[in-house]
Amino acid sequence: VPPFVVCVNEILSKKGLTHTLFTRALQNMSGRYRESLLAGTLVDVERNAEDPRSKRAFVDPEGFPNSFVRAASTMYCRVGVQVETHTRDTGGSASSKSTQCQMYAEPVIPEGGIAFSGPITVRVVENEGQFREYEKDLIGDGSRRDWGSMALHAKPVSTPQAQAQASGSLESKSSKGGSSDRKMGTSIFSETNFHQGGYQAIELVRLTNLTPLLWCRVDPNDLYGGRIAITQPDAMFSEQLFYDGDAGAQVDAIRALAERPLTLALQSSMRVTVIHGVNVSELPVRVLGDCLRGSPALTSCLPHTPCVRQHAALAIAQWQNNKGPPSRNAVGADSWLGLDLLKTYFQERFCSNSIVMPVKFSRVVVKNSEAEGRGASNAEGGANAKSSGDDAYDYLDALDEGEDRDLALSRAEDVETEEDEEYRVRSACISAISSIRAQDGQTPEAVTKFMEAVLEGEDAAMKGNIVCPDDELKAEREFQQLKASKETEVDFLDELERIPTPSLSFNSGMLVADTLLALCNLSSWPTVYTDPATGRKIQASGKHPVTKLLELAQLWVDWGLYREKIRSEGEWETTTILGGNCQDIVTACAIIALANLAIFRQCTATKSSEVPGDEEVVKAEYYTNIVDSKPLRNDLTRAAAAQAMTCICCAADRFEVEGKNAVGLLSALEYLLDKIVDEDTTPPLRQTLSLIMMDACTGKVASMQRVGAIGGRNDLYTSASRFFCGPLGASHGNDKGSAMLTTVQSASSPAATAVNDGARRGVRLLNRAGHPKDSTSRELVVRVAQFATRLWRVINGEPPEPPAYPTFGPMNGVCAYDGALRCSMLSLWQWLWPKGCFAALQVQSWRSKEHTPEYKALGAHRVMKISEEEKAAALAEENSLAEIARLVHMEIDRQAWRGEMAVKSYKMYKASGASNSADAAATEQGINIPLPPIQRDAAFKSGGWVASHAQQRRSLALDGGTAVTKLRLKVGGGAK
């Protein structure tokens, strides 16, 4: 009987799925291969449970599978790799040397977190093709583990002599390049960032590796289910990037190279600073640049896939932000190296005569039968044979137009069309360039000029390429025509009829949308100079640096709205829903960029700068007109306009003005609630508007850009990564480059800071209005109470307004049959009024004035009321659900207790004074000793969990090193 049948039968017999039954089913279905990994402790206890063995609280850490079933947070682990040479005495006069790989592992347990307990696989890849796997283990108490030494048997990748020759320390007769050009003051790289000596970056970085170890991987089968950070030299990450066939391993190497805490000179055995004219500090980004440009590895003829290369583009921006100059005005060949690599790649691939070409989603592949014959003959011939698959296919666009393409089609056995995912890399390149900042949080002028050139060039290209000839269709027809002319028995007309007509292969909308959304990442402030007379900082007069970009965004908004209007009129005439929906995302991103740039310009400009104060784009009415326009626009455009309106309303209250209430957020929420209950609003748009309301109240509406990052895109993973992790993606643990963009600060994100400041004051008004100690006016208290009343009625599935006349039929609201929308609205209520709405309670206390004209003039009669009968019914309902509430609270407390077990266990260990290790040296290094959980500080919350862990361990002298408290300076006799 199959295992899953047994599991399902047992679940049916038990009439439910308990925790124990789930773990047994998981063990049964996983098989013998993972049986050892599933042998964890099954602990499910409450806070007051005691261990019968020790008569103390039961704090044994939960191993697998509890770690995954009931985990309070994700799991983290750090692994350190060190290669050492040991000299072994063989008993005689001679001694032998052996190279050992030493590894240490330490689970990182944050407050409220857990650790993995069980076996884990370690893969060691050596030079000359040697490959080994070892089974190690981790302990759930968070103690540091010594995984021992593993012997390395291969030859070293490089030698000290070759390294010295490459660095220029020794003369080399066979040097291809060298440091002579660098000594003469000229760069060793050409204008297109190619090494003049012909070296690839992987060849240069290999010269720094004097060990046989190529790279190490922990848990290559991805059974750990958490995040593992390995500390090893950059040369090993470079080898992993170019020679490990796993795409996940390649991405890990890319992120690690971008976020390295140490320079390469400190990681290598010899303190070299230059390798063939290249500074060792540049080698990581040079390796990433080769990966981005599609350079194949030394033993392969294929580049990385576009999905991996897009991570390389984002990692280059991370590296640039980590190693960037202190100011945006810095000059020099090495100041903006990452930016130069990204711009060079973009110009090579997507520009022709300074014009940005539209994206092409497919490529024509020609299959050559003669190439297969040559491959077969070469395979019989000897060692220099090439694989037949390498020469059997040619890309038609790689051949020159004219005779070469005609010859390829005439000799082709078949013509195929495959998807070209290069547009992914181009989108990542745009986001990466726009995200580059100096250390002061400012965007360099070169980035602003680049974004202007892309939008202007794409404008001209798009007008000429709205409808383009289909190369696939043309090539297919030519091939079939040639084939039909050779085979007279085949009817040419029948061949043409069976050819499918592909969709248009050119589309400029995605590039425009990505570029417009990337404008939200810019932080280009006006120039500030020092007045020589007064010594004060004065902002330069003239146009703001983002004025031109704002004008371009305005043009794209107008153009997009016009095209949408024309399409809507056509749909009304033909009563069909077919249209240019692929262009909808351009208008939405243009609206978001327009609002963001308008707020940014207002926040960073002074009176001396040229900033129109009466322009429409800084008014909420401009965006509400887009939402309310007739005929109704598509949902994505309306959602973008609603998000922009919310940002404008919140930013209006960014300053604390005495005597003025921050009603911007309240106005935005009222408008969004009106649109949610509108009959013309579709269910997906209602859910989006409710999430925008929550984003505004939680400080994420301007920084995360929900509509632009997710709406209209069919790639869920990329959109989710952009929304949750920022434009540069997730951090590997040692990053501050992407955290600069996700952390909202006044210096780096003035527009988002302004929106959050206004939203914070608006939330305070909603929460405190009506409180006995609050001095809000009665009119504003009634307004807040009315909004709370309408929101509460919508949550309960009723219309927002009570009926004017008694009705006998059911009155269903928008949440009556929409559970997701009800949950979103209820979350908003709990965030605004966790302990009850004071405004509604205060209005209800005015019941004695209910029939007075003043009561109705204030609108207090529209605020919800509760009678004694309703109170009794509500109390009876709560009593009936008391048991369910008790179970829910008990499970919540269990979950909190699981997160507190690690802290409690460490306190009990310290109180007992016991030691788990008999080795004094191991005890001093923290081996096999429980370590305290780390705090979730600012660095941890921004993604730098490795840096946070290292700093906290070092501050407590628990990192395995020596705590140095005093320094003694010894001066020799000849020193002065």
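How are H10 and H11 oriented relative to each other? This is a predicted model, in which helix H10 and helix H11 pack at an angle of about 150 degrees. Because angles over 145 degrees count as roughly antiparallel, H10 and H11 are roughly antiparallel to each other. Their crossing is left-handed, and the contact joins residues of H10, among them Pro284, Val285 and Leu288, to residues of H11, including Ala312, Ile316 and Trp319. By class, the contact of H10 with H11 has 11 nonpolar, 1 polar and 1 charged residues.

| Helix pair | Residues | Angle | Axes apart |
|---|---|---|---|
| H10 and H11 | 283–292 and 306–322 | about 150 degrees | 8 Å |
| H25 and H26 | 664–676 and 683–698 | about 165 degrees | 9 Å |

H25 and H26 are therefore roughly antiparallel to each other, and the crossing of H25 and H26 is left-handed. In H25, Leu665, Leu669 and Leu672 are among the residues that meet H26, where the partners include Arg686, Leu689 and Met693. The residues of this contact of H25 with H26 divide into 10 nonpolar, 1 polar and 2 charged.

A word on confidence is also needed. The mean pLDDT of the chain is 79, and 75% of its residues reach 70 or more. Over residues 371–390, however, the pLDDT is below 50, and this stretch has 12 contacts in the model beyond near neighbours in sequence. Residues 460–472 also have pLDDT below 50, with 26 such contacts. Where pLDDT is low, the predicted coordinates should not be read in detail.

How values were computed: Residues are numbered from 1 along each chain as its sequence is written. This is a predicted model: local features need pLDDT of at least 70, side-chain atom pairs count only at pLDDT 80 or more; totals for chains, interfaces and linings use all residues. Side-chain values use heavy atoms; hydrogens and water are left out. Axes are lines fitted to C-alpha atoms, for helices over the stretch in contact, and angles run from 0 to 180 degrees between N-to-C directions. Helices (H or I, at least four residues) and strands (E, at least two) are DSSP runs, numbered from the N terminus. Angles under 35 degrees count as roughly parallel, over 145 as roughly antiparallel, 65 to 115 as roughly perpendicular and the rest as oblique. A crossing is left-handed if the near helix is turned anticlockwise from the far one by less than a right angle, and right-handed if clockwise. Contact means heavy atoms within 4.5 Å. Ala, Val, Leu, Ile, Met, Phe, Trp, Tyr, Cys and Pro count as nonpolar, Asp, Glu, Lys and Arg as charged, and the others, Gly among them, as polar. pLDDT is the predictor's confidence in each residue, from 0 to 100.
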